[in-house]
Amino acid sequence: MYSRLPSLRIDAGELLQHVSRAIYRGSPLYYGRDGTNRYDDPARAYGVLYLGRDLPTALMESVFHKHQWLANTKRSIALKEVRSRLVRAVGVLDDLRLADLTAAGVMAGYFGLNLEQLSSRDYTHTQQMSAQVHAMHAEDGQPLFDGILFPSRNNYPAASIALFERAKAKVSVIEDIDLIDHVDWPRFVATYRIGVEPDPGRVEPDNEVFPNSLGAPPVLTGCPRHQTVHLQAGAARWR
C-alpha cells in the first residue's frame with residue numbers, strides 16, 4: 001500500500017524558507033504540536049515545521065494566510081508589521097524524502113479526499129493524513145517520509161512543506177534575514193499588489209537597525225564557510 005504513495009526528494013544543499021517573528025532570531029526552529037495548523041498531528045505527539053521553497057509561498061501561508069482576498073481588496077500590511085518579521089533561511093543538510101500530495105490522483109485515489117476537504121479551514125482530514133504519513137515505515141522499521149509536500153492553499157499552484165520533527169537533524173538555520181531586507185521582498189510586494197502602510201504616529205526605535213526604505217537589499221552573507229545565501233526563484237541553494 002505504502003509504495004503507491006509518490007515521494008519527492010529535496011537534495012542536501014537546497015535552501016528552504018520559514019517566516020517568523022523577529023523576536024525568535026537566533027533561536028532553534030520550532031516544531032509546533034498544538035494542533036492548530038493544517039498538517040499538525042491530531043494527537044499532538046510530534047511537532048511539525050512549515051516551510052516554503054520560495055518567499056511568496058512562505059509569506060502567503062503565514063503572514064497572509066487569513067486574509068480574505070475576495071472580501072477585502074485592500075491588500076496591505078503595516079510597515080511596523082513588516083519590521084517585526086524575519087525570514088529564516090533553512091539549509092537542507094541531508095536529503096529529505098517527502099510524501100508528495102501534489103501528485104496526480106493522490107488526494108482522491110489514495111486518501112479519498114476532495115478539494116473542499118483539502119482546502120477547508122477545518123483541518124480534521126488533513127491532520128489525519130499527516131498522522132497516516134507519519135506512521136508509514138519501511139520493512140526495516142525506518143520511517144518512509146520526513147514530511148509532506150502539499151498544495152499551497154493561499155499560493156496555488158505552488159507547494160508547501162510540512163516537516164516532521166523527527167527530521168530536524170536534517171535541516172538547520174543558515175541565516176535569519178529581516179523581511180524588509182530579503183532580496184525577494186520588493187518583487188513580492190509588486191507582484192501580489194501589497195500596499196505597505198506607514199506606521200501611525202511616532203514609532204519608538206527598536207534595538208535592531210532597519211533600513212529607511214524598501215530599496216535594493218544588501219548581499220546576504222553569513223552562512224557556513226562564509227558563502228553567500230542565494231535566494232533566487234525556484235530551488236535556492238546555500239552551498
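Which residues does V87 touch, not counting residues up to four places away in sequence? I found Q17, H18, V19, L55, E175, D176, I177, L179 and H182, where contact means heavy atoms within 4.5 Å.

A note on my source: this is a predicted model, where local features need pLDDT of at least 70 and side-chain atom pairs count only at pLDDT 80 or more, while totals for chains, interfaces and linings use all residues. Residues are numbered from 1 along each chain as its sequence is written, and side-chain values use heavy atoms, with hydrogens and water left out.

Next I placed V87 in strand β5 (strands are DSSP runs of E, at least two residues, and helices runs of H or I, at least four, numbered from the N terminus). I see that V87 is buried, with a relative accessible area of 1% (buried means under 20%, with a 1.4 Å probe and protein chains only).

Then I turned to pockets (on a 1 Å grid over the protein atoms alone, open sets of points where a 1.4 Å probe fits, with protein on both sides within 12 Å along at least five of seven lines; lining residues have an atom within 4 Å of a point). Of its 35 lining residues, H18, V19, N37, Y50 and S62 are the closest to its centre. Strand β5 (85-92) is one of the elements that supply at least two residues of this lining.

Notes:
Buried means under 20% relative accessible area, exposed over 50%, partly exposed in between (1.4 Å probe, protein chains only).
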